[in-house]
Amino acid sequence: MTKKYVYSFREGNAQMRNLLGGKGANLAEMVKIGLPVPMGFTITTEACLNYYEEGEKISEDILSQIFQALDDLEKEMGKKLGDNQDPLLVSVRSGAVISMPGMMDTILNLGLNDESVKGLAAKTGNERFAYDSYRRFIQMFGDVVMEVEHDKFESIINEVKQKKGITQDTEMDADGWKEVIELYKEKIRNETGRKFPQDPKEQLLMAVEAVFKSWNNQRAKVYRRINKIPDDLGTAVNVQTMVFGNKGDDSGTGVAFTRNPSTGEKEVYGEFLMNAQGEDVVAGIRTPQSIKQLKDVMLDVYEQFINVCKLLEKHYRDMQDIEFTIENGKLFMLQTRSGKRTAQAAVKIAVDMVKEGLINKDEAILRVPAGQVETLLHRRIDPNADVKPIAKGLPASPGAASGHVVFDPDEAEAMGNEGQKVILVRTETTPDDIHGIVAAQGVLTSRGGMTSHAAVVARGMGKPCVSGCEAVKIDYETGEFTVGQLVVKKGDVISIDGSTGEVMIGEVPMIDPELSDEFNQILSWADEIRKLKVRANADTPHDAKVALEFGAEGIGLCRTEHMFMAQDRLPIVQQMIMAETKEEREEALAKLLPIQQEDFEGIFEVMEGLPVTVRLLDPPLHEFLPNPEELIVKIMELKAKGCSKELEEKQEMLKKVRALREMNPMLGLRGCRLGLLYPEIYTMQVKAILKAACNLTKKGIKVIPEIEIPLVNHELELKTLREIVEKTAEEVFEEEGTKVHYFIGTMIELPRACLTAEEIANFADFFSFGTNDLTQTTFGFSRDDAEGKILPHYVEQKILSDSPFIVLDRKGVGSLMKMATDKGRSVKPDLLIGICGEHGGEPSSVEFCHMIGLDFVSCSPFRVPIARLAAAQAKINHK
């Protein structure tokens, strides 16, 4: 039996999205539930994959099925494609399995040619409408299929408008559009060497092929990479009977969401334009009206539309993104899909829908993308700051950002990659600008509405966006924009507030966010469900306090070296490093002991009753000494000035720096190796930890210290250092006259430690995976070098799907982790095991930690809510 590649809208349903794509499946579902949907057919994703398998050629079998479906549609509509008296016109749209708004191509009004446009004009009695539709078709077809740049068509329209003394497209009469059409066809002939095709069936096949090709255009590839969408899904193609929003004042088009996609408020939110087609709204060519104003224009249509929104939301049990057209006063639904939303909106919608009985708690938790939660924790403009906006646009995507003005997306990408903060300023963005939006802190456009490309893409990325800021007049040639008399040049710093639409000169003060009641509700539901505990990486009492506020259940990593870096302590640390004898070293350590003790007391007190894992000194000692090049420059300056005493000190320090220098310090004298060669360093730190614990215990404050030995490779390293810790502990307890229950464990961050974990476990009360070093040593990557020079190319070439320093490498690093977990627990079934690398707050990595049975993850304080939510999602998805 021949494989079916083409389905009528009447043959599909919402469950067939893998085959029909999201758009095709939802069109079929809307037909099924009785909504007014213009009829058509879907060419499946399998046809797209077949097209690429056949060397970018549509097979005869698929061609035959397309023409049969077209014949059936023509019979149903009583019209023929390209008929000279009453032509059937269709739209050709992409429809990926996973929504990729604006990333692939669409063609409207297909079927018009020099003859059928006359028939359309006669049939409708509206010559202006017919020729407006024809010029739109030529423009979209010329751009998408024949690859003539969009701007070249726009410049033709602008020239004709200028000649006629008009400013708006809606003011153009039929003769004006006829002139534009002839200029369009001439432009296509000059640019491509080919005439604009007049045969409607040729037009259709060229359009279908162009949509298939758009699956692999640059912007679609970038979007898939950012959103982790597989490359092998393909896109469906939807061929749908045209309905016209540009027939006059009783026709229009719009885009709406059943709830506010920025805030989650339960209100229909969207925009429409009368006497327009769909691309006018989303492209930002004209500034649209709020959907609420439709009530004043067409009350019956507005009420019908609101009822349709309620029906769709109840049917799909989710917020919907809807496209619609009004033709001669009649409403038609062109698309529905789950709406893209900000993290703030996702949280509110999920909680509200539980209260409304539409979804349950598990579904609510899964509806909030854990990776997006971080956007709720970003800073916003301080309400007490004296902010003076220079302009105001539409608040298209919430949040605030400051950065250097950049007008070109390529330049934004280059500067962003260099670590500079930029604001991308455009008249309007197009899908080709996506790489610039990715690199920018935020986006400002002078045209376009709340559902424009810039707004939708920025919201999906959690970046602030101000759109439709018409006071901003951009001059790309001079590299500046003006607001009245004010001139802002490329490179100047501006701030934008995507929550209010305001634009400010310079960098404005910002404050940390406050979490909503709904967000706390979601997290409380997550806490009821998750199995993994969530701790925080914190090195100061302030960080510990922030971690507690975000729901941390302890500290999984307190890095003692960060305490040594403070300017008032560094000279003492350097004195300790410069010491020639153990006695000299101990003298310096004695000065550090009370300082460290005070640090630990502060952290333990904040985390009362919760575990605190303190990692003993880990980095190489040279990190606490000046850079040798800087020392040499200083020595030269001192020689010139004749400062003998200071010169001698600097020369001694340079000698020590050179003596400590290693070819590969990350694999050199650091971690437990430092503790074994200079045990007095670890002895001082253990004393500081346990003296702090004893002091607080005497005050009635419960302390749970976990002493962590870093970079263990061999069980005898841990055995030796454990004996030193235990001996020191006995001395402290005798001196303090009290005892504290403490634990001794190790960081598992080297492959050999994973391979011999059952031997190491004999001397450990807990394991904590240090996945930053474990990733470095498993891949043989130096993180500092690889992240800038190697990994971007590996990800782009799909050697790796993600940087393994961002998303845990399950096959390699993950296999070692699972082996270490299994081996460690074969010796000690109750062995406490966690993770404290950067991966502890990354959702996919948290899921893996749940899957292999870890007890906790630890991450930076601001990522604690992400980890809490991701841990609950992992539990739900892996019941």
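User: Happy to dig in! What percentage of the 879 residues in the protein is buried?

Analyst: This is a predicted model, in which local features need pLDDT of at least 70, side-chain atom pairs count only at pLDDT 80 or more, and totals for chains, interfaces and linings use all residues. Residues are numbered from 1 along each chain as its sequence is written, and side-chain values use heavy atoms, with hydrogens and water left out. Buried means under 20% relative accessible area, exposed over 50%, and partly exposed in between, with a 1.4 Å probe and protein chains only. Of the 879 residues, the buried share is 58%.

User: Thanks! How many helices and strands are there in the protein?

Analyst: Helices (H or I, at least four residues) and strands (E, at least two) are DSSP runs, numbered from the N terminus. Along the principal axes, the C-alpha atoms fill a box of roughly 105 × 70 × 50 Å. The protein holds 35 helices and 33 strands.

User: Which strands stand at the edges of the open five-stranded sheet?

Analyst: The order in this sheet is β1-β2-β7-β5-β6, with antiparallel pairing; two strands pair if DSSP finds at least two bridges between them. Each edge strand has a single partner, so one side of it is left without a neighbour in the sheet. Those edge strands are β1 (6-8) and β6 (106-110).

User: Nice. Which residue of β2 stands opposite V6?

Analyst: Strand β1 runs antiparallel to β2 (residues 40-43), and three bridges join the two. V6 has as its opposite in β2 the residue I43.

User: What angle does helix α3 make with β2?

Analyst: Helix α3 (residues 60-77) packs on the sheet and touches β1, β2, β5 (90-96) and β7 (235-241), where contact means heavy atoms within 4.5 Å. Axes are lines fitted to C-alpha atoms, for helices over the stretch in contact, and angles run from 0 to 180 degrees between N-to-C directions. Helix α8 (residues 200-214) lies across β2, β5, β6 and β7, at about 145 degrees to β7. For α3 against β2, the angle is about 165 degrees.

User: On to the open sheet of eight strands: where do β14 and β15 stand?

Analyst: This sheet has mixed pairing and the order β14-β24-β23-β16-β17-β18-β19-β15. Both β14 (389-392) and β15 (394-397) have a single partner strand, so one side of each lacks a neighbour in the sheet, and they stand at the edges.

User: Which residue of β23 stands opposite H404?

Analyst: Five bridges join strand β16 (residues 400-406) to strand β23 (residues 493-497), and the two run antiparallel. The residue of β23 opposite H404 is V493.

User: Is E147 buried or exposed?

Analyst: E147 sits in the loop between α5 (127-144) and α6 (150-164). Its phi is near 60 degrees, a positive value in a residue other than glycine. Most residues other than glycine have a negative phi. With a relative accessibility of 67%, E147 counts as exposed.

User: What is the phi of R317?

Analyst: R317 lies in the loop between α12 (299-316) and β11 (320-327). At a relative accessible area of 29%, R317 is partly exposed. R317 is not a glycine, yet its phi is positive, at about 55 degrees.

User: Last one: which residues does E605 touch, leaving out those up to four places away in sequence?

Analyst: E605 is part of helix α22 (residues 582-606). At 45% relative accessibility, E605 counts as partly exposed. With residues up to four places away left out, E605 touches L696 and I701.
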